[in-house]
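Where do the nonpolar side chains gather, and where is space left between the atoms? Take the structure below and follow both topics in turn.

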Amino acid sequence: MDRYVIKGGTPLVGEIAIGGAKNAALGIITAALMTDETVTLENIPDVSDVNALLGAVSTIGASVSRIDRHTIKINGSTIGDIKVDYDCIKKIRASYYLLGALLGKYKKAEVPLPGGCNIGSRPIDQHIKGFKALGADVEIKYGSIFASAENLHGAHIFLDMASVGATINIMMAATMARGNTIIENAAREPHVVDVASFLNSMGANIKGAGTEIIRIKGVEKLHKSTYSIVPDMIEAGTFMVAAAATKGDVLIKNVIPKHLEAISAKLEEIGCEVEEFDDSVRVCSKGYLARTNVKTLPYPGYPTDMQPQIAVLLSMARGTSVVTESIFDNRFKYVDELTKMGAKIKVESNSAIIDGVEMLTGARMTVPDLRAGAALVIAALSADGISVIDEIGYILRGYEDFEMKLKNLGAEIETVGDEKDIKKFSLRVG
Ligand code: UD1
């Protein structure tokens, strides 16, 4: 089993380029199945969640060819099965997008209940409510969701919460429904906008993505398209926080600074310098970090996928900070691991109360989920001494070349297999 061994204390300095957004790619790959013509997708991140989904779409008969590491061609005309295999997708949350895409195109889909990171209960009642409103029968049995419709028709749907997944899923199905659909209280995340822009590039008629009301005029057919995935705001945010935590100076390229504003604002508030350029941001941190409060919210609020990273940073700030998680109900599982490093954090209900310490110290830790994994790496990079981080498979689900990108910024990090390798690393770095 691979793990990271990290010697902390080196400021990250230099430049890195951010890849395509995992969460946009997952939606767009499934949406690409909705035409029988060939779709070319560029800037696809080479991460295990995306590769798992590509495997799943191949098993239902779609043809997927990789042109280069970040470009793929998909053709959905050869789909022979609307039944998606459990083994292919048990680990990825976004498997549920196959429901909206297949239901929209074939009026029928059978998809196992989604897996993904265990960060709390993750119901899909809003997705189902939307499909039903569009005229589908939806049943959960034998561990799968069965959706079918004679005809899908437009509907007026009000989401109980601004769910990213439900917004994208309903948008896909409604794209090929007869008539007009309105989704109210829609999620506004950049990847919702990206999926809508991609569908429009295939001939869909979607207006308002990025606002709370999305209007969709159903079309009969979609056509081929070439589309480049939006930069990953969470990968970018993770490197911004890593720069701040290690007292570094990093230019993060290939980003949309507007998508990073909630993160930039928090970093500036606690004393980091954030400079915005057209398609890059520079984060520089020198002195002490000040305390603050952070509450996760749907976009454009502070993202829940950046919650563990900022908590690590605040665990080294002066004073007491409160981080409140308002999206998921069990997203503080990493706190026990951070405590091993000397962090002083107490979780009360959906808030973490963090008393900043001068310095974290290296420890052995286990990754509980994807973003928490990235946060533990940041903690280890900032700490005094050597840390070992187990279960790094979670991190590879969403970060491409994480180790190499960090090494290029000067980090002392290595993937190792066993205890002997850990010893060798320790001897080498001293
Ligand atoms: C997506 C992202 C995930 C991110 C999250 C919030 C993907 C593949 N994943 O997850 O990285 O952390 O958005 O930005 O894009 N809810 C319900 N019923 C539903 C749907 C959602 O109660 O039918 C609740 C969820 O339990 C959660 C909240 O709504 O508390 C937000 O969930 P949602 O936006 O749907 O998250 P995901 O799409 O699962």
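The paragraphs below treat the nonpolar cores, then the cavities. The model is predicted.

Start with the packing. In soluble globular proteins, nonpolar side chains tend to be buried together. Here the largest nonpolar core holds 75 residues. Ile29, Leu41, Met171, Phe198 and Leu199 touch the most other members. Helix α6 (residues 164-175) supplies the largest share of this core, seven residues.

Now take Leu199 by itself. Leaving aside residues up to four places away in sequence, Leu199 touches Ala31, Met34, Met171, Met172, Thr175, Ala204, Ile206 and Leu222.

Three cavities of 30 Å³ or more turn up in a search of the whole structure. Why does the largest cavity lie between domain 1 and domain 2? Domain 1 (3-19 + 231-429) and domain 2 (22-228) both give residues to its lining, so the cavity lies between them.

The second largest cavity has a volume of about 50 Å³. Among the residues that line it are Gly19, Pro45, Val47, Glu235, Tyr399 and Glu400. Three nonpolar, three polar and four charged residues make up this lining. Domain 1 (3-19 + 231-429) and domain 2 (22-228) each contribute at least three residues to the lining of the second largest cavity.

Note on methods
Residues are numbered from 1 along each chain as its sequence is written. This is a predicted model: local features need pLDDT of at least 70, side-chain atom pairs count only at pLDDT 80 or more; totals for chains, interfaces and linings use all residues. Side-chain values use heavy atoms; hydrogens and water are left out. A nonpolar core is a set of buried Ala, Val, Leu, Ile, Met, Phe, Trp, Tyr and Cys residues joined through side-chain atoms within 4.5 Å. Buried means under 20% relative accessible area, exposed over 50%, partly exposed in between (1.4 Å probe, protein chains only). Helices (H or I, at least four residues) and strands (E, at least two) are DSSP runs, numbered from the N terminus. Contact means heavy atoms within 4.5 Å. On a 1 Å grid over the protein atoms alone, a cavity is a set of points where a 1.4 Å probe fits but cannot get out, and a pocket is an open set with protein on both sides within 12 Å along at least five of seven lines; lining residues have an atom within 4 Å of a point. Grid points are joined across faces, edges and corners, and a volume is the space filled by probe spheres set on the points. Domain bounds come from an automatic or database domain assignment. Ala, Val, Leu, Ile, Met, Phe, Trp, Tyr, Cys and Pro count as nonpolar, Asp, Glu, Lys and Arg as charged, and the others, Gly among them, as polar.
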